[in-house]
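Please brief me on this structure. Cover the interface, the annotated site and the backbone features.

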Number of protein chains: 2
Amino acid sequence: MQRTHYSRDITPAMNGSTVTVNGWVHEIRDFGGLAFLILRDREGLVQVTMPKKKVSKEIVDTVKGLSRESVVSVTGDVKAMEKAPNGYELIPTALEVLSRADAPLPLDPTGKVPAELDTRLDSRFMDLRSPEVTAVFYVRANMIKAIRDYLSSQGCLEIASPKIVATATEGGTELFPISYFEREAFLNQSPQLYKQMMMAGGMDRVYEIGPIFRAEEHATRKHLNEATSIDVELSFATDEDAMRLLENTIAYAYAYVKEHCQAQLKVLNVDLQVPKTPFRRLCYRDAIEIAKKDPECADIEYGDDLSTQAEHAVGQAIGEHYFIVNWPTNIRAFYTQPCENDPSICKAFDLMHPRMELSSGAQREYRYAELVKKMEEKGLSPESFKFYLDSFRYGMPPHAGWGLGAERLLQTMLNLNNIREAVLFPRDRVRLTP
Amino acid sequence: MQRTHYSRDITPAMNGSTVTVNGWVHEIRDFGGLAFLILRDREGLVQVTMPKKKVSKEIVDTVKGLSRESVVSVTGDVKAMEKAPNGYELIPTALEVLSRADAPLPLDPTGKVPAELDTRLDSRFMDLRSPEVTAVFYVRANMIKAIRDYLSSQGCLEIASPKIVATATEGGTELFPISYFEREAFLNQSPQLYKQMMMAGGMDRVYEIGPIFRAEEHATRKHLNEATSIDVELSFATDEDAMRLLENTIAYAYAYVKEHCQAQLKVLNVDLQVPKTPFRRLCYRDAIEIAKKDPECADIEYGDDLSTQAEHAVGQAIGEHYFIVNWPTNIRAFYTQPCENDPSICKAFDLMHPRMELSSGAQREYRYAELVKKMEEKGLSPESFKFYLDSFRYGMPPHAGWGLGAERLLQTMLNLNNIREAVLFPRDRVRLTP
């Protein structure tokens with residue numbers, strides 16, 4: 001039977017009209033003369049009410065014989081009913097069983113029987129049926145849509161860079177090797193070099209939202225071996241231009257989700273606050289000072305990367321989104337541009353949520369000779385980066401950009417405990433299926 | 001200097017106002033008392049006119065010393081001028097050289113000196129500067145945006161499925177192996193199994209636009225080893241529902257590009273015709289009969305796949321987009337549903353452009369027992385697909401979907417000779433850089 005409505009699209013005002021809904025058997029309650037079938041679709045729940053005097057025996061018997069999580073199509077009359085979910089119930093006139101579910105179920109999709117994340121991920125198809133998990137991926141799709149819409153409105157063209165590459169973005173670590181016919185190749189860790197080449201190509205402002213791959217050995221709650229990166233690169237732009245676009249992108253995504261995912265945020269019990277822009281700019285030097293006050297970070301020094309604990313300490317102190325700026329040049333990537341007045345400091349920035357880093361970016365070194373020098377200082381061979389370096393020799397505009405982790409953005413937006421909850425089918429040190 | 005306008009955004013009506021444009025030195029012409037600098041940005045060309053009496057000697061001297069393809073920022077006064085590109089010229093009041101180009105250039109970006117595709121791809125950053133190539137990727141970004149917008153308007157949620165997988169979608173051929181820590185894994189050939197699992201997960205209607213990888217040995221003008229696939233899967237849908245969404249998606253993308261990329265289509269000399277829907281449905285059997293009439297395909301028989309030559313013969317006969325339907329079951333993938341009244345025929349379809357196949361799709365086999373049987377008949381081991389098959393056991397809705405090659409769509413839309421022209425950085429049997 002052809003669906004006419006999602007559960008959410010039926011309203012009490014449609015009292016008396018006939019609709020068809022399709023979905024899963026969420027629950028069956030039988031009180032003798034009255035039975036209920038709670039049907040679930042992507043958008044919510046429908047209460048199908050069966051007073052035995054009004055509904056055909058055939059339908060009632062079929063429902064009684066249904067296993068939980070079977071798939072059915074129900075046609076019925078809408079009846080306004082204050083106590084029912086969404087204020088209406090459905091009195092069925094036809095019911096078709098499309099797929100019967102085996103028992104027992106590998107997971108309880110109502111969430112009444114809690115399961116470990118690993119068990120949930122093993123049966124992700126079933127886990128996705130819980131309204132909370134559906135809500136996470138509904139928000140994810142809307143968050144990504146908001147970001148695309150915003151970047152597109154800001155003149156950024158979407159690109160697709162290769163995932164199979166011959167050279168690592170930042171040297172030889174954390175790479176997954178591929179057998180590419182008779183050669184060795186690698187999975188790309190970042191579109192960095194390619195989006196910079198697009199600047200040399202005159203594409204001016206570009207973005208890409210796609211997979212990146214890191215052979216990170218240790219498993220944490222905020223790392224994935226395959227993640228989605230939101231990458232932006234802007235010609236004729238400074239670090240400050242890039243930061244402004246980034247904070248506005250974040251604020252836009254929050255506002256869009258708040259407006260378009262109200263039902264999902266309610267299911268997740270998230271009271272989303274749109275962060276105020278501009279975000280605070282905190283000097284790296286000051287971040288180190290704040291971190292030092294945490295007894296667990298007492299030995300952190302200027303020139304160190306921020307550990308997870310240090311990020312946490314600073315995040316607690318700031319309490320909202322912020323940028324860390326004025327980084328020491330020698331702990332940032334070779335393609336970062338040093339400051340003119342003090343080359344020991346560079347034009348890099350990290351965007352931080354109080355819980356963790358979300359994004360890294362910088363104004364880039366666009367002068368060929370300087371870039372080659374920086375590369376050599378980092379122990380990288382300019383020879384193996386010739387395809388990239390050449391693009392700086394024939395007219396390269398100044399440019400800046402950033403990479404933003406989609407899963408971390410979603411994790412912090414929805415306050416998810418583990419980053420794996422923000423990915424449909426996570427890949428980590430031990431997990432390769434489903 | 002901060003850019004105020006792209007070349008395209010300046011109009012003769014702005015006569016007298018001051019603007020700043022950034023871009024590349026496309027051409028310099030010096031006629032003694034009068035010199036011209038043609039500056040190029042992503043959107044087009046600007047004529048910077050320097051009557052020596054009106055422009056400072058410093059600016060004129062700087063321009064004369066510029067190499068082609070250097071990057072400059074020019075501030076000047078707009079002067080309406082019918083004969084100039086876009087009907088205006090710029091009289092410069094300030095000029096800053098941002099990056100000087102080495103000479104000779106690896107390619108001529110004006111296209112006056114034609115180069116082989118391989119040479120162009122070797123210096124893609126330079127090739128991208130030719131207005132024709134810029135136009136191709138401008139259209140690509142808009143085509144993809146149109147498709148996302150349309151699918152989203154049709155209730156499809158965007159998903160991201162893993163690219164690193166343990167099992168091949170359709171068995172063991174044409175796979176790129178990866179070293180995944182201590183295990184062997186593969187690059188995914190298609191999101192097929194994952195988008196079907198999303199149907200079991202209740203996500204109802206999903207789409208993904210992302211990379212797919214095929215270790216295809218032979219190089220042709222329509223194959224890539226890394227391509228972008230536009231994948232859709234729809235619950236409670238038939239093959240006909242999926243075909244309708246597909247033809248409407250194509251028509252929407254054409255119409256959007258026609259409206260939003262007029263300047264680019266003009267540069268490419270493409271007179272885009274929006275295909276009329278519904279597309280013709282041609283029976284596989286009739287396609288074979290048409291192909292047989294071509295002397296080169298005289299020995300094609302019912303049950304054969306359509307060769308490139310056969311596709312071409314049928315495409316010539318039809319002359320517009322069309323579907324091939326009613327395929328023999330045994331030459332389609334195991335997850336295709338056979339027709340109820342004649343199981344030797346199945347609910348698969350291919351969407352064809354007269355030049356080539358663009359998309360493959362089907363109503364899927366959603367009954368667990370039937371699916372296992374089909375898998376065994378194809379010589380695949382149900383054991384290694386357990387993660388996928390399990391999702392059919394606990395309530396799987398009927399569903400249908402398709403995968404559409406983004407590069408082929410662009411190639412046929414813009415009448416590009418080689419599919420490599422539709423990808424920024426193509427990957428093929430021999431090409432792994434840039």
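Helices here are DSSP runs of H or I with at least four residues, strands are runs of E with at least two, and both are numbered from the N terminus. By that numbering, B:Pro434 falls in the segment after α12 (406–413) of chain B. The model is predicted. Chain A and chain B bury about 7,800 Å² between them.

**Interface of chain A and chain B**

- Chain A brings 93 residues to the contact, and chain B brings 92 residues.
- Carbon and sulfur atoms give 62% of the buried area of about 7,800 Å².
- On the chain A side, A:Phe181, A:Tyr394 and A:Leu432 lose the most area to chain B. Together these three make up 10% of what that side buries.
- Between the two chains there are 8 salt bridges.
- A:Arg393 and B:Asp102 form a salt bridge, with their closest N and O atoms 3.2 Å apart.
- Helix α4 (residues 131–153) of chain A supplies the largest share of the chain A side that touches chain B, with 11 residues.
- By class, the chain A side that touches chain B holds 50 nonpolar, 17 polar and 26 charged residues.

**Annotated binding site**

- An unreviewed UniProt entry lists "binding site" positions in chain A, including A:Arg214, A:Ala215, A:Glu216, A:Lys222, A:His223 and A:Leu224. The entry's list also includes A:Glu357, A:Gly405, A:Ala406, A:Glu407 and A:Arg408. Such annotations may be inferred rather than shown by experiment.
- From this set, A:Glu407 is part of the lining of the largest cavity.
- A:Ala215 sits in the loop between β10 (205–213) and β11 (226–235) of chain A.

**Salt bridges in the whole structure**

- Over all chains, the search finds 79 salt bridges.
- One of these pairs A:Arg140 with A:Glu407, whose closest N and O atoms are 3.0 Å apart.
- A:Arg140 is in helix α4 and A:Glu407 in helix α12 (residues 406–413) of chain A, so this pair ties together parts 267 residues apart in sequence.
- A:Glu407 is also among the positions that UniProt lists for "binding site".

**Backbone features**

- Most peptide bonds are trans, and most residues other than glycine have a negative phi.
- A:Ala103 and A:Pro104 are joined by a cis peptide bond, with omega about -5 degrees.
- A:Pro104 is placed in the loop between β5 (88–99) and α2 (117–122) of chain A.
- In chain B, a cis peptide bond joins B:Thr433 and B:Pro434, with omega about -5 degrees.
- A:Asn415 is not a glycine, yet has a positive phi of about 55 degrees.
- A:Asn415 lies in the segment after α12 of chain A.

Technical notes:
Residues are numbered from 1 along each chain as its sequence is written. Chains are lettered from A and ligands numbered from 1 in the order in which they are written. This is a predicted model: local features need pLDDT of at least 70, side-chain atom pairs count only at pLDDT 80 or more; totals for chains, interfaces and linings use all residues. Side-chain values use heavy atoms; hydrogens and water are left out. Contact means heavy atoms within 4.5 Å. Buried area is the accessible area (1.4 Å probe) that two parts lose on being put together, summed over both. A salt bridge is a side-chain nitrogen of Lys or Arg within 4 Å of a carboxyl oxygen of Asp or Glu. Ala, Val, Leu, Ile, Met, Phe, Trp, Tyr, Cys and Pro count as nonpolar, Asp, Glu, Lys and Arg as charged, and the others, Gly among them, as polar. On a 1 Å grid over the protein atoms alone, a cavity is a set of points where a 1.4 Å probe fits but cannot get out, and a pocket is an open set with protein on both sides within 12 Å along at least five of seven lines; lining residues have an atom within 4 Å of a point.
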